Amino acid sequence: HLRKIVAFARTSDRGDRAELADVPENASIWPLVTSTRENCLGSNCAHFRDCFVMKARADAMAADVVIVNHHLFFADVMLRDEGLAELLPACNAVILDEAHQLPDTATLFFGEATTAGQVADLARDAEVLARTELRDVPALPDAAAGIVPALRKLRLAAGELPGKFPRDTVLARPSFTDAAGELSAALDRLATELGLFAERGEEIGSLAARADELARRLVRWLSPADAPPDPEAGEWIRWIDVSPTSFQLHASPLSVAPIFRRQLDASARAWIFTSATLAVAGDFSHYTSALGLGDVAAGCWDSPFDYGTQALLCVPRGLPEPNQPAHTDAVVDAALPVIEAAGGRAFLLFTSLRALAAARERLTAAFASRGLDFPMLVQGERSKTELLERFRRLGNAVLLGSASFWEGVDVPGPALSLVV
């Protein structure tokens, strides 16, 4: 995979991961070669002149119209709030499509998240520095190596069951508070060791700042009496999201309305929000109150499609509840005769990757036993762009996808005739 990425970087104009179909989306190499806010050195990087990210920013600054996703838009908002260089040019109008997602995306960006992945990346980067630029610092290898065991201990203390749990639920376990204290001490130690040598180079200083920030976030999350990151936002909620192998500690404002309102008031530009699902029976008040939009001009138009004539809706009865272990198998079994009748040409969309994997296993066995020769495309094995291109080209494929396939995907014609 690394050899393919190196060759791609030499020939690509944009450096967009989606263009490299030969390396799966879930390949473990991607975090090691991808530019992020945490690891970017800016103009101090040896590859600054050839950097795809910087070229994209320069193109955006020179453009009249810039199309970005919600996450990049909010990343730019956050950088401006912090007084750092902006990612996007100043503009007279912002048009936000699929705007029903904004409250959730704003909550993500205006809140704080400390993830096991961020801490593991920090430990890995520190170990690399300990073997290269800071080989003369005897305490650094131990400080870096102490992070991962503490991280594993905290994941075990979070419990076996995956899910989202209030902070107070896990803080009631002595094993969790002990493990969190160990991780906090390990982060403090690493931040101190790196801070002593931060003046040696930009990369060392950046890593020291990352360690210090993660240590502060962990303390803020653990301490109920601590002030929230943005007191003006009102009440904050804190919870942990536990997956089979990882966890995320979240702190979010209960309402993003006052924070988002600040963004609107801070700039004299037009804001346009569009989506198929902003109104409830023609009333926009639920949405406008969630974002603090106040009294706005609003319009609602019916769909041009005659769904009653052009589509069939089937709701199988008697399925197990979605939180039951048998749910995914029952859904696949109910969908099989419909997939067969449609001649493939189907999207099966899931709210979790675990359910997706279980459905893939059951479908593979069912296709083999029934003699069905439908190509199966699975999210993660190729880029989204490549999967959609193959789906359209094959004409009888079955695609299994999760979050990014739920919206903004268009397959005109008969190639997509069934959505489960």
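Glu-112, Glu-213, Arg-217 and Arg-220 are linked in a network of salt bridges. A salt bridge here is a side-chain nitrogen of Lys or Arg within 4 Å of a carboxyl oxygen of Asp or Glu. By this rule the count comes to 18.

Two notes on the source. This is a predicted model, where local features need pLDDT of at least 70, side-chain atom pairs count only at pLDDT 80 or more, and totals for chains, interfaces and linings use all residues. Residues are numbered from 1 along each chain as its sequence is written, and side-chain values use heavy atoms, with hydrogens and water left out.

Glu-112 pairs with Arg-220, and their closest N and O atoms are 2.6 Å apart. This pair links distant parts of the chain: Glu-112 sits in strand β2 (residues 112-115), Arg-220 in helix α11 (residues 202-222), 108 residues apart. Helices (H or I, at least four residues) and strands (E, at least two) are DSSP runs, numbered from the N terminus. Buried or exposed? I call a residue buried under 20% relative accessible area, exposed over 50%, and partly exposed in between, with a 1.4 Å probe and protein chains only. Glu-112 is buried, at 14%. Arg-220 is partly exposed, at 22%.

Next pair. Arg-200 bridges to Asp-136, with the closest N and O atoms 2.6 Å apart. Again, distant parts of the chain are linked, 64 residues apart. Arg-200 is in the loop between α10 (174-195) and α11, and Asp-136 is in the loop between α6 (116-131) and α7 (140-145). Arg-200 is partly exposed, at 43%.

Now a bridge inside one helix. Asp-265 and Arg-261 form a salt bridge, closest N and O atoms 3.0 Å apart. They are four residues apart in helix α12 (residues 257-266), so about one helical turn separates them. An α-helix has 3.6 residues a turn, so residues three or four places apart point the same way. Asp-265 is exposed, at 55%. Arg-261 is partly exposed, at 29%.

On to α17, residues 384-394. Which of its residues are buried? Glu-386, Leu-387, Leu-388 and Phe-391 are. Their cover includes β7 (346-349), β8 (376-378) and β9 (398-401), with contact meaning heavy atoms within 4.5 Å. Gly-395 follows α17, and its phi is positive, near 85°.

Last, the surface. Leu-2, Val-6, Leu-32 and Val-33 form a nonpolar patch, with about 320 Å² of accessible area together. α1 (2-11) and α2 (30-33) each supply at least two of its residues. Patch members have over 30% relative accessible area and no salt bridge; like charges are joined within 9 Å, nonpolar side chains (Val, Leu, Ile, Met, Phe, Trp, Tyr) within 5 Å. Areas come from the Shrake-Rupley method with a 1.4 Å probe; for residues, only the protein chains shown count as cover. Val-33 lies in α2 and is partly exposed, at 36%.
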